[in-house]
Amino acid sequence: MTNQVQTVYGTFDEKQLKSLKGYIEEMVVCMSRVKATNQSMADIIGLAHDELKIPKKIIRRMAKVHYNQSLQEEVAEFKEFEALFESIRDVK
């Protein structure tokens with residue numbers, strides 16, 4: 001007798017369920033690696049903050065900008081933000 005399950009997503013036989021289980025197990029392994037990587041990054045940020053006293057959010061942002069090679073975009077976005085913010089300060 002073949003194991004089958006019927007859901008709103010379709011009917012799945014034993015082979016498909018085994019395949020789904022394999023995909024889920026692979027995702028769990030990836031999630032574990034991501035969690036470990038995130039913890040490593042948090043540790044690095046903490047060390048940099050402790051040594052240099054730079055706020056953690058600045059260190060994180062600098063790493064992100066460096067990774068994305070997006071300094072010009074960040075600067076331009078901040079200039080737009082600054083212009084808009086300055087303009088609303090004068091509104092009564």
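Glu25 is partly exposed, with a relative accessible area of 46%, where partly exposed covers the range between buried (under 20% relative accessible area) and exposed (over 50%), computed with a 1.4 Å probe and protein chains only.

## Basis of the values

This is a predicted model, in which local features need pLDDT of at least 70 and side-chain atom pairs count only at pLDDT 80 or more, whereas totals for chains, interfaces and linings use all residues. Residues are numbered from 1 along each chain as its sequence is written, and side-chain values use heavy atoms, with hydrogens and water left out.

## Fold and overall dimensions

The protein chain contains three helices and two strands, arranged along the sequence in the pattern β-β-α-α-α; helices (H or I, at least four residues) and strands (E, at least two) are DSSP runs numbered from the N terminus. The protein chain is more spread out than a compact globule, because its radius of gyration is 24 Å, well over the 12 Å that the globule rule gives for 92 residues. That radius is taken over C-alpha atoms, and the globule rule is 2.2 Å times the number of residues to the power 0.38. Along the principal axes, the C-alpha atoms of the protein chain fill a box of roughly 75 × 40 × 25 Å.

Ile58 counts as partly exposed at 33% relative accessibility.

## Surface and charge

Of the 92 residues of the protein chain, 5% count as buried. The protein chain exposes about 8,900 Å², of which carbon and sulfur atoms supply 60%; accessible areas come from the Shrake-Rupley method with a 1.4 Å probe, and for residues only the protein chains shown count as cover.

The protein chain carries 14 positive and 14 negative side chains, and the centres of the two sets lie 4 Å apart. Lys and Arg count as positive and Asp and Glu as negative, while His and the chain ends are not counted; each charge is placed at NZ of Lys, CZ of Arg, CG of Asp or CD of Glu.

## Largest pocket

The lining of the largest pocket includes Asn38, Met41, Ile45, Ile59, Arg60 and Tyr67, and the elements that give two or more residues to this lining are α1 (14-52) and α2 (56-68). A pocket is an open set of points on a 1 Å grid over the protein atoms alone, where a 1.4 Å probe fits, with protein on both sides within 12 Å along at least five of seven lines, and lining residues have an atom within 4 Å of a point.

## Positive phi in the loops

Most residues other than glycine have a negative phi. Lys53, in the loop between α1 and α2, has a positive phi of about 65° although it is not a glycine, and Lys53 is exposed, with a relative accessible area of 61%. Gln69, in the loop between α2 and α3 (71-89), has a positive phi near 50° and is exposed at a relative accessible area of 60%.
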